[in-house]
Amino acid sequence: MINKFVAGLVLFVSVISTSYAHAEYALGAMVGDPIGFSGRMSLNDVNSVDAAIAVSGGTYRGLQLHSTFLFDKFQSWEMAKEGPMNLYLGIGARMIFINDGKYDGDVAFGPRAPVGMTYMWADPKVEFFAESALIIDVSPKVDADLDIAAGARFRF
């Protein structure tokens with residue numbers, strides 16, 4: 001279990017600490033399942049990386065970490081002068097440090113594939129998002145899960 005924790009922590013920190021010249025950052029919160037803090041870093045005009053530190057209340061309960069490479073503008077619609085609404089897709093990974101039930105003390109880990117919408121306001125620089133993500137846990141047992149959350153992030 002400690003090896004999974006270290007590998008996940010290294011992955012999470014490396015994604016968060018990556019820096020690009022084009023980077024725009026966004027930090028905020030999300031509610032739903034999971035509920036917690038969310039961040040996003042733009043890599044270029046069409047891709048970004050998001051990450052979250054949250055509490056999961058779904059199939060496995062505990063501290064959840066996830067990070068996803070996003071295709072931000074899979075489809076885009078201009079909405080008045082405030083900013084665009086974008087459909088995004090992504091691929092990443094999720095970890096839950098389980099602290100309840102049959103698998104208490106184990107780590108749930110697996111790939112995640114979100115589909116979501118963002119709405120970008122120009123002033124103030126705020127983005128609203130809603131997403132659902134399919135997760136296929138490979139540990140502690142092979143299982144499917146669905147995360148559904150919405151939130152807001154301030155861009156800087």
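Strand S1 and strand S2 (residues 35-42) run antiparallel and are joined by six bridges, and the link between S1 and S2 is a hairpin that passes through one residue. Within this pairing, Ala 26 stands opposite Arg 40 in S2. The model described here is a predicted one, and every value below is computed from it.

S1 also pairs with S8, again in the antiparallel sense, over eight bridges. On that side, Asp 33 has Ile 148 of S8 as its bridge partner. The table sets out the two pairings of S1.

| Pairing | Sense | Bridges |
|---|---|---|
| S1 with S2 | antiparallel | six bridges |
| S1 with S8 | antiparallel | eight bridges |

These strands belong to a chain whose secondary structure comes to one helix and eight strands, and the order of elements along the sequence is α-β-β-β-β-β-β-β-β. Of the 156 residues in the chain, 44% are buried. Among contacts with a separation of 6 or more, 49% are made by residues 24 or more positions apart. The chain exposes about 8100 Å², and carbon and sulfur atoms supply 69% of that area.

Empty space inside the model can also be described. Rolling a probe the size of a water molecule over the atoms shows where empty space is left. The count comes to two cavities of 30 Å³ or more, and the second largest cavity has a volume of about 30 Å³. Its lining is formed by Met 30, Asp 33, Pro 34, His 66, Arg 112, Glu 131, Ala 133, Asp 147 and Ala 149. Strand S1 (25-33), strand S7 (126-137) and strand S8 (143-155) are the elements that give two or more residues to this lining. By residue class, the lining of the second largest cavity divides into four nonpolar, one polar and four charged.

Is Phe 109 buried, exposed or partly exposed? Phe 109 counts as partly exposed because its relative accessible area is 32%, a value that lies between the limits of 20% for buried and 50% for exposed. Leaving aside neighbours within four places in sequence, Phe 109 is in contact with Ala 93, Arg 94, Met 95, Ile 136, Asp 137, Val 138 and Ser 139. Phe 109 and Val 142, which are 33 residues apart in sequence, have C-alpha atoms 9.5 Å apart in space.

How values were computed. Residues numbered from 1 in each chain as written. Predicted model: local features only at pLDDT ≥ 70, side-chain atom pairs only at ≥ 80, totals over all residues. Heavy atoms only, no water. Helix = DSSP H or I, 4+ residues; strand = E, 2+ residues; numbered from the N terminus. Buried < 20%, exposed > 50% of the residue type's maximum accessible area, 1.4 Å probe, protein only. Contact = heavy atoms within 4.5 Å. Areas by Shrake-Rupley, 256 points an atom, 1.4 Å probe, with all protein chains shown as cover. 1 Å grid on protein atoms, 1.4 Å probe; cavity = no way out; pocket = protein on both sides within 12 Å on 5 of 7 lines; lining within 4 Å. Points joined across faces, edges and corners; volume = space filled by probe spheres on them. Nonpolar A, V, L, I, M, F, W, Y, C, P; charged D, E, K, R; others polar. Pairing = 2+ DSSP bridges.
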